[in-house]
Amino acid sequence: MVLELPAPPAGRASRIRWTLTDGVTLVWRNLIQLKSQPGELVGALIFPAIMIVLFGYVFGSAIKVPGGGNYREFLMPGLFAMTTFTSLMTTLLAVATDASKGVMDRFRSMPMARSAVPFGQVGGDIIIGMAGMVILVGCGFAVGWRIHHGVMSALAAFGLLLLLRYALSWAGVFLGLLVKNEETADQMLPLIFPVSMLSNSFVPTAGMPAWLRTVSDWNPVSALVAACRGLFGNPGVPSGHVALPLQHPVAATLLWSAALLAIFVPLSVRRYRTLNR
Amino acid sequence: MMSSESAVWAEGLRKRFGRTEALRGVDLEVPKGSVFGLLGPNGAGKTTAVRILSTLTLPDAGQARVAGYDVVRDADEVRYRIGLAGQHASMDEKLSGRDNLRLFGRLYHLPPKVARARADELLTRFGLADAGDRFVRTYSGGMRRRIDLISSLITAPPVLFLDEPTTGLDPRSRGEIWDTIRELVADGTTVLLTTQYLDEADQLADRIAVVDTGRVIASGTPDELKAEIGSRLDVVVADARDLPGAATVLARIGEPDTDPETRRVSVPVGGGSSTTLPAVVLELDRAGVAVEDVALRRPTLDEVFLRLTGKTDEKVSI
């Protein structure tokens with residue numbers, strides 16, 4: 001068999017087309033990886049249901065929502081935000097695994113677009129994240145969570161969730177390229193729980209000690225959750241004297257996303273290019 | 001100067017990682033269609049040299065051309081013409097062997113259909129068609145190396161870099177990898193391999209460069225390297241009490257090494273050694289030494305290697 005290999009791209013346009021093609025190929029790779037881990041897939045489907053039962057019914061029975069309202073309606077935006085933040089860890093783990101197993105080296109010995117690898121990674125994560133979100137929304141509807149402020153503002157909320165997810169997975173790519181070790185990355189995974197718990201996700205922050213409350217209120221998770229509660233019309237929107245990010249949660253979430261992207265996109269692409277140089 | 005027949009050519013390659021000087025001026029030339037072995041202990045700089053030649057690492061100084069293209073300036077051109085199989089199997093463990101090959105084919109910008117056909121063709125040719133649909137993480141060590149080697153062949157590259165292709169494999173799997181490499185060479189592929197195993201270099205390589213502490217300390221064909229340290233004449237005496245007598249006779253040829261344990265006296269011999277053998281036997285007989293065995297022995301590559309890397313202050317050149 002005679003193989004005809006395409007020439008490397010000459011102009012800017014064909015270079016961009018190359019980057020896109022390679023990015024799509026790597027997204028495809030991320031998706032067909034799921035074939036090998038049906039267990040993980042099932043786990044990912046069951047996990048939100050477990051969280052809803054655990055928090056919605058076990059802890060929720062003892063928690064009073066400020067301003068009144070259904071705790072499970074209060075809870076769902078918190079769970080949306082929590083799954084959003086896991087993307088940081090899943091991309092971190094995937095990238096660190098590629099780097100430690102030598103897959104990254106093979107990619108780098110190929111005539112592919114340099115930035116396609118990180119783009120493919122975060123692209124795959126977004127698609128998987130959207131599928132997870134659909135399941136979580138289904139579970140939420142089943143336990144009485146509702147969208148109260150119309151489709152447009154609900155779409156805005158999902159848009160915010162996806163945007164921050166995208167930004168966080170870039171941070172994951174960079175950290176993955178930094179640790180370059182599957183075991184280290186594995187050990188970092190549980191850290192995501194305290195980060196998402198130290199917020200307004202599951203309980204109102206008003207009852208926390210002052211210093212802890214400050215930490216929680218400034219946690220980007222809290223801004224995201226507050227923005228979602230506002231846009232979906234769910235209970236628990238803070239009123240009166242609250243921390244600055246929670247007075248303008250949508251703007252705060254946008255700012256957090258922009259800052260993360262501005263820092264980690266260039267850092268990741270640069271780090272990937274110069275890996276082991 | 002680089003000859004047009006060189007598949008790999010490098011001059012004065014230097015690379016420093018922090019305080020460690022991994023390469024301290026390496027020159028290499030690999031003729032097209034040959035197998036070149038980079039031999040050296042761990043940390044000698046073999047892997048760094050391969051990483052530079054395969055465009056993964058930039059050299060601090062020096063130049064290198066692979067398949068006619070500069071590894072720094074024309075990296076993408078080089079990448080289309082090389083295959084790389086690393087020390088650590090660089091496959092996606094969460095994909096099947098076949099999906100891995102398809103993925104790599106598509107990343108070489110082959111159309112999806114061609115990438116799929118090429119994956120099937122390679123799996124069939126190298127006897128992995130049955131295992132192709134299993135996830136790579138279920139593969140044995142030997143199969144992993146083979147699929148790794150195969151995935152470096154997707155574009156049928158003219159130059160192949162194999163970084164310790166058989167380290168950690170059992171003898172049977174090593175044999176299988178060797179057979180595959182020989183097959184590729186028969187097709188005209190140029191192979192540059194690094195190894196710590198001297199028999200591997202002896203078996204496969206047309207030429208060898210011995211690397212130690214970031215420098216090429218000797219190079220040549222395996223035979224040339226062996227000739228460099230010369231052959232030895234071994235005499236085994238029947239009775240250990242005859243050892244001093246035998247040593248006295250052999251001292252006329254060179255400095256004898258006596259090993260009472262094996263009742264052996266050994267002496268290095270020069271070029272015209274074959275004519276001395278009957279004379280030595282005659283003299284030993286005259287001295288009244290009962291000889292059990294006399295043999296002229298060529299050194300193994302192991303001995304060459306130990307001699308070379310044990311005395312790095314002594315420059316060896318061929």
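**Reading a two-chain predicted model**

Guide: The contact between the chains takes 26 residues from chain A and 32 residues from chain B. Two residues are in contact if their C-beta atoms, placed from the backbone, lie within 7 Å. This is a predicted model: local features need pLDDT of at least 70, side-chain atom pairs count only at pLDDT 80 or more, and totals for chains, interfaces and linings use all residues. Residues are numbered from 1 along each chain as its sequence is written, while chains are lettered from A and ligands numbered from 1 in the order in which they are written.

Visitor: Which helices of chain A each supply at least two residues of the side that touches chain B?

Guide: Helices (H or I, at least four residues) and strands (E, at least two) are DSSP runs, numbered from the N terminus. Here helix 1 (12–32) and helix 4 (103–108) of chain A each give at least two residues to the side touching chain B. By class, that side of chain A has eleven nonpolar, eight polar and seven charged residues. Nonpolar covers Ala, Val, Leu, Ile, Met, Phe, Trp, Tyr, Cys and Pro; charged covers Asp, Glu, Lys and Arg; the others, Gly among them, count as polar.

Visitor: How many helices and strands are in chain A?

Guide: Chain A has twelve helices and zero strands. Its radius of gyration is 20 Å, close to the 19 Å that the globule rule gives for 277 residues, so chain A is as compact as a globular protein of that length. The radius is taken over C-alpha atoms, and the rule is 2.2 Å times the number of residues to the power 0.38. Chain B has eleven helices and 14 strands. Its C-alpha atoms fill a box of roughly 80 × 45 × 35 Å, taken along the principal axes.

Visitor: What does helix 6 of chain A reach from its first C-alpha to its last?

Guide: The expected span of a helix is 1.5 Å times one less than its number of residues. Helix 6 (residues 150–179) of chain A has 30 residues and reaches 43 Å, close to the 44 Å expected. Just after helix 6, A:Lys180 takes a positive phi of about 50°.

Visitor: Where in chain A is confidence lowest, and where highest?

Guide: pLDDT is the predictor's confidence in each residue, from 0 to 100. Chain A averages 88, and 97% of the residues score at least 70. Confidence is lowest in helix 8 (residues 192–197) of chain A, at a mean of 82, and highest in helix 6 of chain A, at 95.

Visitor: Is B:Leu38 buried or exposed?

Guide: A residue is buried if 20 or more other C-beta atoms lie within 10 Å of its own, exposed if 12 or fewer, and partly exposed in between. B:Leu38 is buried, because 30 other C-beta atoms lie within 10 Å. B:Leu38 is found in strand 3 (residues 35–39) of chain B. Not counting residues up to four places away in sequence, B:Leu38 touches residues including B:Lys46, B:Leu192 and B:Val211.

Visitor: How many residues has the largest nonpolar core?

Guide: A nonpolar core is a set of buried Ala, Val, Leu, Ile, Met, Phe, Trp, Tyr and Cys residues joined through C-beta atoms within 7 Å. The largest has 137 residues; among those with the most contacts inside it are A:Trp170, B:Val8 and B:Leu53. Helix 3 (residues 71–101) of chain A gives the most to this core, with 17 residues. A second, separate core of twelve residues includes B:Ala246 and B:Val289.
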